[in-house]
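Please have the viewer open as you read.

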Amino acid sequence: MPESIIAGIPVHFPFEPYEVQRAYMEKVIICLRDGTNGVLESPTGTGKTLSLLCSSLAWLRTRQSEVEKDKQKIKMEPNSTAASVLSNEIMAAMGKSNNWGVPKVIYASRTHSQLNQAMRELKRSAYANMRSVVLGSRDQLCIHTDVMREQGNSNKVNMCKLKVHSKTCSFQLRVESKKDHPDFRGPTIMDIEDLVKVGQRLKMCPYYASKELVKDADITFMPYNYLLDPKARKANKIELNNTIVILDEAHNIEKICEESASVQIRSSDVAMAMEDLTHIMKIFTSGETLDAGSDEPKDFTLDDLTLLKEMLIDLEKAVDEIVVENKTDGQTYPASFIYELLAKGNFTYGNCATIVGLLDKLVQYLMVASQHSMLRKGGSFMLLSDLLNIVFANKEDIMGKVHVSFKVHVEIEESKQTKQTASSKANNSGWLGKGNNTSTTTKTAKVINFWCFNPGFGMEQLLNTNVRSVILTSGTLAPLKPLIAELAIPVAHYLENPHIVDQSQVYVKIIGTGPDREQLISNYKNRDNPKYIRSLGQTILNVSRIVPDGLLVFFPSYPMMNACVDSWQASGLWADISSRKPIFLEPRGKDQFTSTMEEFYQAIRDSKGACFMAVCRGKVSEGLDFADRNGRAVIITGLPFPPLKDPKVILKRRYLESNRTKENQLLSGQEWYSLEATRAVNQAIGRVIRHRNDYGAILLCDSRFQDASQVQQLSKWVRGHLGARPQSTPFGPIVRELRQFFKHAEATMVKPDERAEEPLLQSVFKQETSPDSKPHFETASKIINNKSRIALNMATKVEQVYSVEKWTPEEYAKAAGGGAQGAKSTPMDFISRLNTNATSIDFNSDNTGLVKIHKRERSSPTTSDSLASQPNIKKRYKLVNAADIKSEPFASTSQSQSQSNLTNPPSESQSSDLHESRTDFLRQVRGAINTDQFRKFGSALLAYKTGGYESFDSLMLILLDLLGTPELRHLLHMMRRYLKNEHKEEFDVRIASL
């Protein structure tokens, strides 16, 4: 891969980096070199993840080599002054970590799907040989059937802990003996899928085994909560001292820091815990033993249970005594209130650890007992444990900061009947709705919320672990100053990158009025206006007629989306839009979401086009990729402000107003409220432009986007398209400009590569091309010289000679070794034969005139592949009779050769040549290079046979060195057929660059 020197560090990048990528990598390297923190924004589609990985690992590799050289100097001259100085420096560095002072990299992101995308990028980079591991949850990594049968992540966690504690999980017990197995230690990159496969093969627990890889890993991938939660860090053996922490997709980091330090407990949770405790005590006092449940762990006594029940009774009494004057909005208390409340139940710093340990034991007991009785599984004990862990995680010496950063909010808890009534009222949710609808009930049950409003509180705890550098990065961080102020993190380097695409590739407009000139504004006063909803639907309908392929529509909230859908279905607008593009709605369930996305992508592949309606801050707006045809335009129907009367929103605004000073540069409450909406819009906009050659339209269908305050909070690259004074454009000119934009883009932009799904069997189609169709290798001739082109032709001819183009069932019996009197072939033989390079199966050897069945070839590029890449050739397909296909003329030489092979079965000598071709090839290579070179070549081949991408990279370097000369390049091209399928595409790219 090309090498670029950036900030004095050699960085191997898959191609010559663009200017924005170079600027981004330079900032990353400077932060790592100087041990400082950085906040870097680079729009989605600029290669942010790849740039981040390549630059950080390039610096790390350079640092590793420097330390290795220093160690060698000490060994060679142990008594010299220089060696003594180096030794002291290394020992001082080792004081920071146990890795000779070489830092490790932790790459954290919000979801596992984002981590998997990052690991795929790493596998394709020049740093695929650096050791990495991903830390996942039991839900993703566990292979024990009893654990996976449990519903809910918390139940799975506790069932796993129970089996490990009782030593009944055979998978976990094998970790110690199998953790050094070559299949586990061999691959340098282990993602979730790899860990599960290896775990299943070795009968070893992937979840616990992955922790064994952390110590030796150069880079560890993990979700945010593993990094920010001290308890999770300890459980996963994560050491942060002298570590580089990269927080990708950091636009949510403030909210995540706040939520990780917040907790909620209900009166009903305390009552349920007392009820579960009473059941256990009855079992103890009565001396009952549950069927087949006598072996459950009982690491507690009846006295322990009695004491805990007394504490819970006191706690319940204290909660009942809380005064809530405002029954609708609840009552707010200072942070000290939660400690006073728990103290009334005798829950203190001194006994917190003991009580949490007892609660965990009770959960494990109930996990077993619930399998043999109607007992619950201890969910109430888990909630109490979480409450104590989070509240008492704040040490007594920082209580001053706790009182400033936290608030306790008490609300009336809803009964089930109240919830059912509230759910029937649409006005109870949305912009003016509250996060928790409350109303007075006969029982004064309450909800106790312990909320953190200072994200810098959690970030400070992270910085106190002596990390080397923290890098916050995302496509939508702007504006940067408020983010840095809230996190209270010292930042030495900032970056706001422009987008990588040209102005002509993006069309951005504010649509303030619909086709009927009705104002488009989705505020609280207007959102239920039938005229507005109808006009918005007409706008989407007209846009859907112009936008090709995928259209994304984002609503401010689920209630708003549902209201529009109901209205459009009643008026017929829904049917009109559906007739242009099938409509898909974002579901809330995980399983439904996956199937809906698959259907949407399939509709795009089927060239129907599709419209996906989703919600800002939902799954679709946050992490999904709608590159190329999947997303050609995005419509933002409104500004997704948080619920105005949500108690948490009100208290957050109050916190900012009361703690804002000129020195800390915190936002005002109103500025934060507005920024929350715009950041969600920026995330939704980022779904469309995903790479350098992508193009699309961004339509802001709310007149409030004209306000200067809203425009300034949009991403920098979007502001550039709106101009200095953005104004709403009448709908008529937008339709004309939008049509011209897509017409120009389709004519000038590079067509995206299609990932065609190949069916196993396919009817024979005749391809008709224009008479002036170009030869098969004309494209290749533009990038290689004449000698190379000749060699390429020769190599392909050789490959075609040895490939089996057609066979009959009778001939298969001979090829399988049965001979004329051989045994009948089995179905498995038939399927395995289909996996060869056969392109047709002639079931019509009796000349009945039936249609032949073909299987698409999976080897080297054919004429049809080459022709498919030429935009000027129009294809027409028609089903033809097998008897006619023999006489059908073909346009190119390779096609006629293929047709000849289709009608004439290969001889037995050709079949034997197929088996001997590898030997012949090795013989040719042996004759072309010397003995030492051939030994080197053979060693690389053996390593490649059992290795992964790293061995392929090593093999390519040797091939290019030995066979890269013009006179031997035909052997290099012949090597392609012996490569693994997943490496052939990259082989072609590297050869084409010669």
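The notes below cover a helix pair, a sheet and the helices lying across that sheet.

This is a predicted model, in which local features need pLDDT of at least 70, side-chain atom pairs count only at pLDDT 80 or more, and totals for chains, interfaces and linings use all residues. Numbering starts from 1 along each chain as its sequence is written, and side-chain values use heavy atoms, leaving out hydrogens and water.

**Helix pair**
- Helix H19 (residues 352-369) and helix H20 (residues 379-391) have axes that come within 9 Å and cross at roughly 160 degrees; helices (H or I, at least four residues) and strands (E, at least two) are DSSP runs, numbered from the N terminus.
- Axes are lines fitted to C-alpha atoms, for helices over the stretch in contact, with angles from 0 to 180 degrees between N-to-C directions.
- H19 and H20 are therefore roughly antiparallel (angles over 145 degrees).
- Residues of H19, including Leu359 and Leu366, meet residues of H20, among them Phe381 and Leu388 (contact means heavy atoms within 4.5 Å).

**Sheet**
- Six strands form an open sheet in the order S15-S20-S19-S16-S18-S17, with parallel pairing (two strands pair if DSSP finds at least two bridges between them).
- Strands S15 (506-510) and S17 (583-585) stand at the edges, each with a single partner strand, so one side of each lacks a neighbour in the sheet.
- From one strand to the next, the twist averages 15 degrees.
- S16 (residues 550-555) and S19 (residues 633-636) pair in the parallel sense over four bridges, and Val553 stands opposite Ile635 in S19.

**Helices across the sheet**
- Helix H25 (residues 530-546) lies across S16, S19 and S20, at about 160 degrees to S16.
- Helix H34 (residues 731-748) lies across S15, S19 and S20, at about 170 degrees to S15.

Key. Angles under 35 degrees count as roughly parallel, over 145 as roughly antiparallel, 65 to 115 as roughly perpendicular and the rest as oblique.
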